[in-house]
Amino acid sequence: ETHTLCLKNSRKLFAISRKRSTQKKISTSSQKNSFFVSVSVSLPAKLTMGTSHSREGADLSDSDDYHSETEDRDDEEEEEEEYEDVHYDAVERQETPQTTSSNRTIDEIDTKLKSLKLKYGDASAQGSGERRVKLYLHLGGNSPKAKWIVSEKSAPYAFVKSGGGGEDDEDEGGSSSGGGKNNSFWILRVGAKVRARVSTEMQLKMFADQRRVDFVDSGVWALRFSADEEFRRFVNEYHDCLFENVYGLKATEENKVKVYGKEFIGWAKPETADDSMWEDEEGGEKFTPLRANQDLMEEFEEAANGGVHSLTLGALDNSFLVNDLGVQVYRNNQKGIHGKGICVSFDDRNSGSRLAKSTPKKGMLMRAETNMMLMSPMKDGNPHSTGIKQLDIETGKIVTEWKFEKDGTEITMRDITNDNKGSQLDPSESTFLGLDDNRLCQWDMRDKSGIVQNIGKANDSPVLQWSEGHQFSRGTNFQCFASTGDGSIVVGSLDGKIRLYSRRSLRQAKTAFPGLGSPITHVDVTYDGKWVLGTTDTYLILICTLFTDKDGKTKTGFGGRMGNKIPAPRLLKLMPLDSHSAGGNNKFHGGHFSWVTENGRQERHIVATVGKFSVIWDFQQVKNSGHHCYKNQQGLKSCYCYKIVLKDESIVESRFMHDNYAVSNSPEAPLVVATPMKVSSISLSGSKQQRSRG
């Protein structure tokens, strides 16, 4: 793969051809009114992003600062002024590298050029001890004309402690002071243009081979360091400042043990973590992966009658959209879902209870997908509910409105889910799971005698039986949960912790992962329970639950405590440019594995939503420790290889259909993408070119 960068100037033509080897050659020639730098780099294949034309990963050449030693000295002052306007055009691919004709190397020229003040500035600044870096700004977004420009050739930078009032303190130089006092926090200050709070919202991405980092701060920026040592120092200081900003503690070994625990120290020091379980699982079920050059195809798109709140997919004949009008019914097929023209209206009921007066925000299928439980928040902005409505899909009627009670006292629930991954297909299913801030339980629609309760009078809602569970006395701040194929439960919390519960006991977690400080807003788990996916605002976290017990048996963290050989998690992130394009107010939500309900079947992809993007990762690729994304990384392994489906309005939810609907020539079942006004079905078969917009 070859990349070429073109620069405009007024006097010379420089052709620099470089491959990733120890040999570097340069040739020069004259050409009036133009200046080009051509850089050819052999890079590994990279998964194409569905909507991204970004060249942010291309090498940032310093060639814009180079002058021929044969250049007339009379022109030096004029040329120095022109450097301020030099910019990097978008990288264009070439079939073959540029040829070279000179025997002088880039290093030889660089040695001579280091003596020129026009590149390195005032010598007095060099000796001042102030750390400097070359600052770039990306312009043009994902358009074909996107380019990097040099914002500052030699910008001072520092990590600075800021007080609660927002003013910079005198304290500089990484984690040199204590944390958590007076609401102070670390910021990164670069020249006069960048002042970014150190956080995951920066979406900082490192390119160690280029001594470079990219990040977001009201734009997309890049820093290019002059030496490897300076680059590594910056990265270490960034991680220390991030730890202190998140936990309010200095990034000492003692504090890292305090935050993560001895068993999870690999989360703080990934280089010491045991990754053998990731390696062992790479040889799982064989399937056709989503190829890098494989396009996504929108099979069809339909109006959704507006106000879509949630998407509920069925594994059998039908799927459903819950919107302001009611429940829209769609028919499943191997190309996606297609509207049947049927809508179950919420006004079609004979109940005057308060449960009937609010619009449901979530639907859950039960009893072989003939019934749907509809959950309504008590008020906007508050996810808690005091009950649920039971919709009979075959008759289109709300048949029962249930109340949540424990020991005669009305309580609330923030979320509900099925007992296990496949229980919605069970025609006799009468129980389901419930979650509140400090409660985890199972609800039973039968009375204490085991008989399914009948609908009562109009204003007399039957009471769900608290079958089992636990009400925690201290604040657990549960946010979301999901179940495995055997009914084990994973719960995500506001403090970033992820807990694993055995189906046999909901009182105490078998394993509690410490998290990375960001609230978990959604969780999913594979059918076999080996992998857990947590969604945060700025990244997804993938956790391997496998461990080897004292008898040498491989188990999951749902069935026992994992000991001290716990694999470090992996992160799924957006490139800084894509994160910026998604919008500062847009956050990741609803990360899901593809959907299987059968032992021996393996989930193939991961999908999440951010703004107008549906982002798809190849699950097998993320698990592969040899994946090129992970080379030269410091800290937790982060995968940046994905495809994007772009829509023209914010996406409500993206989900893969059940594995039953995966056709033979496709690596996955269709992806269904719901926006407030439309629903689209996306095929991964690659038989046609993807539309750039829905």
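Buried means under 20% relative accessible area and exposed over 50%, with partly exposed in between; with that scale in mind, open this predicted model and select aspartate 437, which at 23% relative accessibility counts as partly exposed. Aspartate 437 forms a salt bridge with arginine 414, and the closest N and O atoms of the pair are 2.9 Å apart. The two residues lie 23 residues apart, aspartate 437 in the loop between β25 (431-436) and β26 (439-444), and arginine 414 in the loop between β23 (409-410) and β24 (415-417). Arginine 414 itself counts as buried, because its relative accessibility is 17%.

Next, select arginine 446 together with aspartate 444, a salt-bridged pair whose closest N and O atoms are 3.0 Å apart. Here arginine 446 is partly exposed at 30% relative accessibility, whereas aspartate 444 is buried at 10%.

Then move to glutamate 301 and lysine 678, which form a salt bridge with their closest N and O atoms 3.6 Å apart. This pair links distant parts of the chain, since glutamate 301 is in strand β14 (residues 297-303) and lysine 678 is in strand β45 (residues 678-683), 377 residues apart. Glutamate 301 is partly exposed, with a relative accessible area of 28%, and lysine 678 is likewise partly exposed, at 27%. The structure holds 23 salt bridges.

Finally, select histidine 627, in the loop between α10 (619-623) and β41 (638-639). Histidine 627 is buried, with a relative accessible area of 6%, and, leaving aside neighbours within four places in sequence, histidine 627 is in contact with Gln621, Cys639 and Cys641.

Definitions and conventions
Residues are numbered from 1 along each chain as its sequence is written. This is a predicted model: local features need pLDDT of at least 70, side-chain atom pairs count only at pLDDT 80 or more; totals for chains, interfaces and linings use all residues. Side-chain values use heavy atoms; hydrogens and water are left out. Helices (H or I, at least four residues) and strands (E, at least two) are DSSP runs, numbered from the N terminus. Buried means under 20% relative accessible area, exposed over 50%, partly exposed in between (1.4 Å probe, protein chains only). Contact means heavy atoms within 4.5 Å. A salt bridge is a side-chain nitrogen of Lys or Arg within 4 Å of a carboxyl oxygen of Asp or Glu.
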